[in-house]
Amino acid sequence: MPELMSAFGMSNKGNTLIEFLSTYLYGFLLLMLPLVFIIMSANKLIMGYIDNGSTAYLIATPNC
């Protein structure tokens, strides 16, 4: 995870407590907000097929 955080510019520790907290707070938000959006989008896409019953057809087909 440190490599991922440094890719977003979070390798600077900051000279004061305020710089340190702002760097890690906004860096954490920069990582977590897209992750939450991706999880919500994937859930919406998959649940659409489950609600329609389309997954029952996909599971019932004999795939080799």
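Which residues form a nonpolar patch on the surface? They are L25, Y26, L29 and L33, with about 430 Å² of accessible area together. This is a predicted model: local features need pLDDT of at least 70, side-chain atom pairs count only at pLDDT 80 or more, and totals for chains, interfaces and linings use all residues. Residues are numbered from 1 along each chain as its sequence is written, and side-chain values use heavy atoms, with hydrogens and water left out.

**Overall fold**
- The chain has 3 helices and 0 strands. Helices (H or I, at least four residues) and strands (E, at least two) are DSSP runs, numbered from the N terminus.
- In sequence order the pattern reads α-α-α.
- The radius of gyration is 20 Å, whereas a compact globule of 64 residues would have one near 11 Å. That radius is taken over C-alpha atoms, and the globule rule is 2.2 Å times the number of residues to the power 0.38.
- Along the principal axes, the C-alpha atoms fill a box of roughly 60 × 25 × 10 Å.

**Surface**
- Of the 64 residues, 6% count as buried. Buried means under 20% relative accessible area, exposed over 50%, and partly exposed in between (1.4 Å probe, protein chains only).
- The accessible surface comes to about 5,600 Å². Carbon and sulfur atoms hold 72% of that surface. Areas come from the Shrake-Rupley method with a 1.4 Å probe, and for residues only the protein chains shown count as cover.
- Patches are made of residues with over 30% relative accessible area and no salt bridge; like charges are joined within 9 Å, nonpolar side chains (Val, Leu, Ile, Met, Phe, Trp, Tyr) within 5 Å. A salt bridge is a side-chain nitrogen of Lys or Arg within 4 Å of a carboxyl oxygen of Asp or Glu.
- L29, one of the patch residues, sits in helix 2. L29 counts as partly exposed because its relative accessibility is 36%.

**Helix 2**
- Helix 2 covers residues 17–52.
- Its 36 residues should span 52 Å at 1.5 Å a residue, and the end C-alpha atoms are 52 Å apart, so the two values agree. The expected span is 1.5 Å times one less than the number of residues.
- G53 follows helix 2 and has a positive phi, near 90 degrees.

**Aromatic pair**
- The whole structure holds 1 aromatic pair. F20 and Y24 form this tilted pair, at 4.9 Å centre to centre and 45 degrees between the planes.
- Rings of Phe, Tyr and Trp (its six-membered ring) pair if their centres lie within 6.5 Å; planes under 30 degrees apart count as stacked, over 60 as edge-to-face and the rest as tilted.
- F20 and Y24 are 4 residues apart in helix 2, so about one helical turn separates them.
- F20 is partly exposed at 33% relative accessibility. Y24 is partly exposed too, at 26%.

- F28 lies in helix 2 and is partly exposed, with a relative accessible area of 44%.
- At 41% relative accessibility, L35 counts as partly exposed. L35 and N15 are 20 residues apart along the chain, and their C-alpha atoms are separated by 29 Å.
- I39 is found in helix 2 and is exposed, because its relative accessible area is 52%. I39 and D51 are 12 residues apart in sequence and 18 Å apart in space, C-alpha to C-alpha.
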